[in-house]
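This report describes the nonpolar core of one model and the helices that supply it. The sequence and coordinates come first.

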Amino acid sequence: MIERPTAEMRQQFKLLTGYGLPLNSSRHWLRTRLAQEGVPGEMIEAFMGHWQRGAEPWGRYSALPARVVTETLRPTLEKLVCEAGFSALRGWA
């Protein structure tokens, strides 16, 4: 049983890689790159899951349609995926 999963995971990551990065460093990178690419803050917040109660982008009364978020983010996300060197892998299905 892991008593403190975050601390132990961080320690294991450092042992394996030699780096002491925070476990959420990928989210920091993504948020920073989206902002650098000029993506509006509202779109970044919606994509990252940062919103307050009653302002959920996918909510019934949302003034921010999911289609708008998707169309706004798609070109930048595709660019960042290529920039980072990610590639699609065949799944189980």
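Beyond its neighbours within four places in sequence, Leu30 is in contact with Phe47, Met48, Leu77 and Leu80, where contact means heavy atoms within 4.5 Å. The model is predicted, with local features needing pLDDT of at least 70 and side-chain atom pairs counting only at pLDDT 80 or more, while totals for chains, interfaces and linings use all residues. Residues are numbered from 1 along each chain as its sequence is written, and side-chain values use heavy atoms, with hydrogens and water left out.

Leu30 is one of the 10 residues of the largest nonpolar core, which also holds Leu34, Val39, Met43, Ile44, Ala46, Met48, Val69, Leu73 and Leu80. Such a core is a set of buried Ala, Val, Leu, Ile, Met, Phe, Trp, Tyr and Cys residues joined through side-chain atoms within 4.5 Å. Buried means under 20% relative accessible area, using a 1.4 Å probe and protein chains only.

H3 gives the most to the core, with four residues. Met43, Ile44, Ala46 and Met48 are buried in H3, and the cover over the buried residues of H3 includes H2 and H4. Just after H3, Gly49 has a positive phi of about 85°.

Thr76 lies in H4. Thr76 counts as buried because its relative accessibility is 11%. Leaving aside neighbours within four places in sequence, Thr76 is in contact with Leu34, Glu37 and Val39.

Methods: Buried < 20%, exposed > 50% of the residue type's maximum accessible area, 1.4 Å probe, protein only. Helix = DSSP H or I, 4+ residues; strand = E, 2+ residues; numbered from the N terminus.
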